[in-house]
Amino acid sequence: MRDAIARFVPDGSSVALGCALEPAIPFSAGHELIRQRRRDLTLIGPISDILFDQLIGAGCVAKVVAAWVGNVSAGLAHCYRRAREQGIPRRIEVVDHSNFSIGLALLAGALGAPYIPTKTLLGSDICHTNPTLREATDPFSGERIVLVPAIRPNVTIVVAQRADADGNAQLWGPWGVSEEAALAANRVIVVADELVDGDVIGEDPNATLVPAPKASAVVIETGAAHPSPLQGRYRRDHEFFHEYHRGTRAMQGFDAWLSEWVTGVPDRAAYIAKLGARWTSLRDAPRV
Amino acid sequence: MVAQAAREICDGETVFVGMRLPLIAFVVAKRTHAPNAIGIFELGVMRDAPSRELLYTMGDPPNVAGARWCTRTVNVMGLLQRGEVAAGFIGGAEVDRFGNVNTSYIGDPSRPTVKLPGSGGGADIACLAQRLIVIMAHEKKRLRERVDYVTSPGYGDGGDWRARVGLPRGGPSVLITTLGVLRFDPGTKEAFLASYHPGSSVDECVSETGWALRVAPDVRETAAPSAAELNAIREYDPKGFWTNS
C-alpha cells in the first residue's frame, strides 16, 4: 500500500474513493494518504461515509466532488462541517452532485463520452451551485434536460474480495458507481482481501469489477475496508462509526482519534491487530 | 411516524427505500399490508423480502444476502428515470410549504452557517419517482415558509411548477412529521394538515409550522399504530436504535 500510494497518488491528484457507497470503502488507502501527508487532493465519490471526513480533517483535501458527505448511521460529519463553515484546518471547495448525476458523470468518463443528458436535478439548486452542470434543450424532443459532463479521476481506488496478480479484481455485492469510476480513471489501485490464481477469476468472470489492463497496482490486505463491510468477509462495525461521531465533535478529539487509529499505526496489519477481538467478532458476515 | 410511513407503501409497488426510518417503514409494510412490495436501494440492491436483521445502512451484508438483484447505481436510477418506481422516501433538515426539501446548506450556500451532508440519492428520488414521501421532525425551524436551498424539489413555488421546469412526473404525496400528516392541495400544491397524531393536536401542528398552515375541513386524528405494526417495529428494532429517538 505504501508504494502504491507513493507512486500513483501525488499531491494534487483527483481520487475516486468509496464508489460502492456504504460497503467496501478503501479506508486503509485513505489512511495511507494521511500518513504520507498528501495535500491538495480532489476527492470524488457519491457518499463516502466517514472516509472523506477523515481526509478533510487531516488537511489532505482541496476539493470534494460528491453527493453526500456525512456519517451514514450517526449523522453529520464534523470535519467536513468545520472545513466548509470555518475553513478549519483549511478551506475546501465543494462541487454538489446527486448519486445519479455523479454516477452519470463517471459513466460518461468510462464511455469516453463528453457528457450524458438526464432529467434528474431539473428544479434542484444543485444545478445552480454546481458550475459544471448545464441545463439545455433536448435537440430531439425540445424538452428540458441537464447535461452532466464526464469526470475522469486521475486515480480510482477500489476494495474487492479477491484479485489475481495481474489486477483482475472481483467484487460481490452491490457495485454502486465503482465500475464506472474504475473505467473512467487513468489509474486504478485494487485493494483485495485475497490473492487468487487467474484461473479462479476465470471461473466467474461476470464478477470482475476491474479488468487487468485498467489496474496499475494490486495491494493484498485483509480488512482494508474496516469499519465498512465487505460482503462474505466481514460485517460493518457500526459502533466504530458511532464512536468516531462522538469523539470528533471538537478538533482536539479528531486529532486524538487520528493519532490513535491512523498516524500511530504503521499499516493495516497493525490496525487489524489493534482491533483484536473486535475484528474477529466481525468475521461472520453473511455470504451472498 | 414509522407506521404512517409504512401505510404509504401500497402492496405490489416498487419503492426506493432510503436511509434511517424508511428502512423500518419498508419492513413494517412488508410484514403487514404490503407483502408483495419490492424494495430498491440506491447503491444497487433490489430485494423482495426485508433483511433478517436490523440495518444501520443499506449496504450492510444482511441487506445483500438474499437480495434478488445486485447491480450498479445507474441501473436502479435508470428505473427511476424511466418512471418505473412508484414511490421513494426522503428525510431532511427542512421542508417548505410546497414540499421542497433542503439537505445541503443552512444559510447562504457560499458561506453556510451549517453544511449538511447533501443530496445522496434524495434529489433523484424527488425529481423522478412517481411520488415522494417526505419524513421530518415537526419543528418551526424545520417547516419553513421557504427553504434556504432546494436540494430535492417538491412543487417549487406551487401550481404547475414541476412541468414548467421540465420534470417528467412526481412530487410529494405526503409529508409525515412527528406531529401529523400533511398532504398537498391538488391545484395549488400547498401542504395542508390532514391529520394530527395521537397525543398532538391541530393547534400544536399549526403553531410548530413556519407558515400559516391550512387545515383540512375533515382533519382528524391519525390512526394509532396497530398491534401488527407495533410488533413489526419492535421485532425489527428491539433496542430502538432508529425508533426511540
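1. The buried residues of helix α2 of chain A are A:Phe27, A:Ser28, A:Ala29, A:Gly30, A:His31, A:Glu32, A:Leu33 and A:Ile34. That makes eight of the nine residues in α2(A), which spans 27-35. Buried here means under 20% relative accessible area, with exposed over 50% and partly exposed in between (1.4 Å probe, protein chains only). Helices (H or I, at least four residues) and strands (E, at least two) are DSSP runs, numbered from the N terminus. Just after α2(A), have a look at A:Arg37, whose phi is positive at about 55 degrees.

2. A word on the basis: this is a predicted model, in which local features need pLDDT of at least 70 and side-chain atom pairs count only at pLDDT 80 or more, while totals for chains, interfaces and linings use all residues. Residues are numbered from 1 along each chain as its sequence is written, chains are lettered from A and ligands numbered from 1 in the order in which they are written, and side-chain values use heavy atoms, leaving out hydrogens and water.

3. Chain A is divided into domain 1 (2-97 + 152-281) and domain 2 (115-149), with bounds from an automatic or database domain assignment. Their C-alpha centres lie 30 Å apart.

4. The largest nonpolar core has 135 residues, and A:Val9, A:Leu55, A:Ile157, A:Ile189, A:Val190 and A:Val210 have the most contacts inside it. Such a core is a set of buried Ala, Val, Leu, Ile, Met, Phe, Trp, Tyr and Cys residues joined through side-chain atoms within 4.5 Å. Helix α5 (residues 99-111) of chain A gives the largest share, seven residues. Both domains of chain A contribute, so this core lies between them.

5. Which residues does A:Ile157 touch, leaving aside neighbours within four places in sequence? Its contacts (heavy atoms within 4.5 Å) include A:Ile5, A:Pro26, A:Ala29 and A:Ile189. A second, separate core of 39 residues includes B:Val15, B:Phe41, B:Ala232 and B:Tyr236.

6. In chain B, strand β10 (residues 131-136) is largely enclosed by the rest of the structure, because six of its six residues are buried. B:Arg131, B:Ile133 and B:Ile135 are on one side, and B:Leu132, B:Val134 and B:Met136 on the other. β10(B) runs parallel to β5(B) (residues 87-90) over four bridges, with B:Gly88 partnering B:Leu132. Five bridges join β10(B) to β12(B) (residues 172-177), also parallel. Strands count as paired if DSSP finds at least two bridges between them.
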